Amino acid sequence: MHKLIKNVEQAATEEDKREFYEVIRDIAEHPVVLQMKEFPHHCDTSCYDHCLHVAYYNYCICKSLHLDARSAARAGMLHDLFLYDWRTHARETGEHFHAMTHPRAALLNAEKYFELNDLEREIILKHMWPVTLPIPTNPEVLVIAYTDKYCGFVEIARAYSEKCKSWMPHTSS
Ligand SMILES: [Fe+2]
Ligand SMILES: [Fe+2]
């Protein structure tokens, strides 16, 4: 799957990127969705940027596999629309199961502002699979289950590699 991500990334043309953005434009530029820029998600990656990364890889992979790339991209952009800082949420609300509960919170918010189809609802609700149990019934859900974890890992690893660089002694002459 990692190879698939690298392959679709290398194969993506400027036209593909434009096409992707047109598919998600109304969501990506909506004032409620823009609020995600205020919430840090993985280290210095905001919730908005994380959703954009996931949406992009969803789109590229689903397009290359002849799946519903449009729904995968749109649901990807909405999958973490829970609109709070998950790092302070438990302390402030006493709700300790963010990992389990946020897909439903994101779906409720998404349904308030956008018209969703059944597949988009399922992608948002089950994106944490297998951490959350409902079994995916569409392959696009398996794609986001992977892209979400992949993007999370890369976003965290990138932040730590930047930190590690600053801890290393400067050896160049
Ligand atoms: Fe999530
Ligand atoms: Fe996510």
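## How α8 meets α9

In this predicted model, helix α8 passes α9 in a right-handed crossing. The two helices pack at an angle of about 35 degrees, and their axes are 9 Å apart.

Which residues of α8 and α9 meet here? On the α8 side they are Leu 119, Glu 122 and Ile 123, and they meet Glu 140, Val 141 and Ile 144 of α9. Sorted by class, this contact of α8 with α9 has four nonpolar residues, two charged ones and no polar ones.

## α4 against α9

Helix α9 also packs with α4, this time at an angle of about 135 degrees, with the axes 9 Å apart. Angles from 65 to 115 degrees count as roughly perpendicular and those over 145 as roughly antiparallel, so α4 and α9 are oblique to each other. The crossing of α4 past α9 is right-handed.

From α4, the contact takes in His 50, His 53, Val 54, Tyr 57, Asn 58, Ile 61 and Cys 62. From α9 come Glu 140, Val 143, Ile 144, Thr 147, Asp 148, Cys 151 and Glu 155. By class, the contact of α4 with α9 splits into seven nonpolar, four polar and three charged residues.

## The enclosed helix, α5

Now for α5, which covers residues 69-78. Is this helix largely enclosed or largely open? Nine of its 10 residues are buried, so α5 is largely enclosed by the rest of the structure. The buried ones are Ala 69, Ser 71, Ala 72, Ala 73, Arg 74, Ala 75, Gly 76, Met 77 and Leu 78.

And what covers them? The cover includes α2 (14-28), α3 (31-34), α4 (47-64), α7 (98-113), α8 (118-125) and α9 (139-167).

## A closer look at Gly 76

Gly 76 sits in α5. It has 32 C-beta neighbours inside 10 Å, so Gly 76 counts as buried; the cut-off for that is 20 or more.

Setting aside neighbours within four places in sequence, Gly 76 is in contact with Cys 51, Val 54, Ala 55, Asn 58 and Ile 144. Val 54, Asn 58 and Ile 144 also turn up in the contact of α4 with α9. Gly 76 and Val 141 are 65 residues apart along the chain, yet their C-alpha atoms are separated by 10.0 Å.

## The annotated span

An unreviewed UniProt entry lists residues 48-150 as "domain: HD". That span, residues 48-150, is 69% helix and 0% strand, and its end C-alpha atoms lie 16 Å apart.

How values were computed. Residues numbered from 1 in each chain as written. Chains lettered and ligands numbered in written order. Predicted model: local features only at pLDDT ≥ 70, side-chain atom pairs only at ≥ 80, totals over all residues. Buried ≥ 20, exposed ≤ 12 C-beta atoms within 10 Å, placed from the backbone. Helix = DSSP H or I, 4+ residues; strand = E, 2+ residues; numbered from the N terminus. Contact = placed C-beta atoms within 7 Å. UniProt positions renumbered as here; feature names shortened; annotations may be inferred. Axes fitted to C-alpha atoms, helices over the stretch in contact; angles between N-to-C directions. Parallel < 35°, antiparallel > 145°, perpendicular 65-115°, else oblique. Left-handed = near helix turned anticlockwise from the far one by under 90°. Nonpolar A, V, L, I, M, F, W, Y, C, P; charged D, E, K, R; others polar.
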